[in-house]
Amino acid sequence: CGAMSILLDLLQTQSLFLSFELNWPDEIRGFLQFLKLFNLDIDYFGVSCRYQLSTWYQQYLIYTICNGMWVLVVFGALIVLHRIRYIQGYISAVSAAEAQLDCINATLFIYSILYTRLMTQSLSIFHCRSLGDGSTYLVADTTLKCYTEEWWEHAVPGGVMVFVYCLGIPLAFFLILYRSRRQLMNPLVRRQCGMLYIMYTEE
């Protein structure tokens, strides 16, 4: 799973090259478009958080929040479900603990895949383009002029998204590894967060 995570990160990063305004050859553009398939999106699974919203900003908020939170909701519910089954006597304490470790590991793995997409989405509120007359508009929504009072009202929540996703996910990974740094070879630790370091070997 470690090698797969590295490969997916590489493919996702390369797909971001399309965001640069360059005159890509058709062959290269087609290849980069193909790589965008590896940017995991809940819509690929037939689950959409895009409602009939009137503005791009409303869609931005709902879509970014849904794409980032569904993982916690799903695996959090699974952990709670196993805990309830343990309390009711349907499974043992060991089985409940193992299920919790597996859910945490799966959550970390999926967030490592989602990270590139969440970063791109959350930063799109700050992607502005200057025109010849000196005005600056948001690339994703050309009806919104950048650095105006209305834009700042949108940019502040967008900044929260950037902090939570762009900085929060790597920070969470770091804290998990730092807390477990002396027990990385422990089977229980490997089962909980092994996907973050299992691809590395001791020198």
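This is a predicted model: local features need pLDDT of at least 70, side-chain atom pairs count only at pLDDT 80 or more; totals for chains, interfaces and linings use all residues.
Local features were considered only at pLDDT of at least 70 and side-chain atom pairs only at pLDDT 80 or more, whereas totals for chains, interfaces and linings use all residues. Residues are numbered from 1 along each chain as its sequence is written, and side-chain values use heavy atoms, with hydrogens and water left out.

The chain contains six helices and two strands, assigned as DSSP runs (helices, H or I, at least four residues; strands, E, at least two) and numbered from the N terminus. Read from the N terminus, the order of elements is α-α-α-α-β-β-α-α.

Two packed helices are described by the angle between their axes and the distance between the axes. For helix 3 (residues 56-87) and helix 4 (residues 93-123), the packing angle is about 175° and the axes lie 9 Å apart. Axes here are lines fitted to C-alpha atoms, for helices over the stretch in contact, with angles running from 0 to 180 degrees between N-to-C directions. The residues in the contact of helix 3 with helix 4 comprise 20 nonpolar, eight polar and two charged. In this division, Ala, Val, Leu, Ile, Met, Phe, Trp, Tyr, Cys and Pro are nonpolar, Asp, Glu, Lys and Arg are charged, and the others, Gly among them, are polar.

One disulfide (a pair of cysteine sulfur atoms within 2.5 Å) is present in the structure. The bond joins cysteine 128 and cysteine 146, with 2.0 Å between the sulfur atoms. The link of cysteine 128 and cysteine 146 is left-handed, with -95° about the S-S bond. Cysteine 128 belongs to strand 1 (residues 128-130) and cysteine 146 to the loop between strand 2 (136-138) and helix 5 (149-179), so the pair ties together parts 18 residues apart in sequence.

Cysteine 128 is buried at 19% relative accessibility, where buried means under 20% relative accessible area, exposed over 50% and partly exposed in between (1.4 Å probe, protein chains only). Cysteine 146 is likewise buried, at 5%. Cysteine 166 counts as buried at 10%, and cysteine 193 is buried at 0%.

Over the whole chain, 35% of the 203 residues count as buried.
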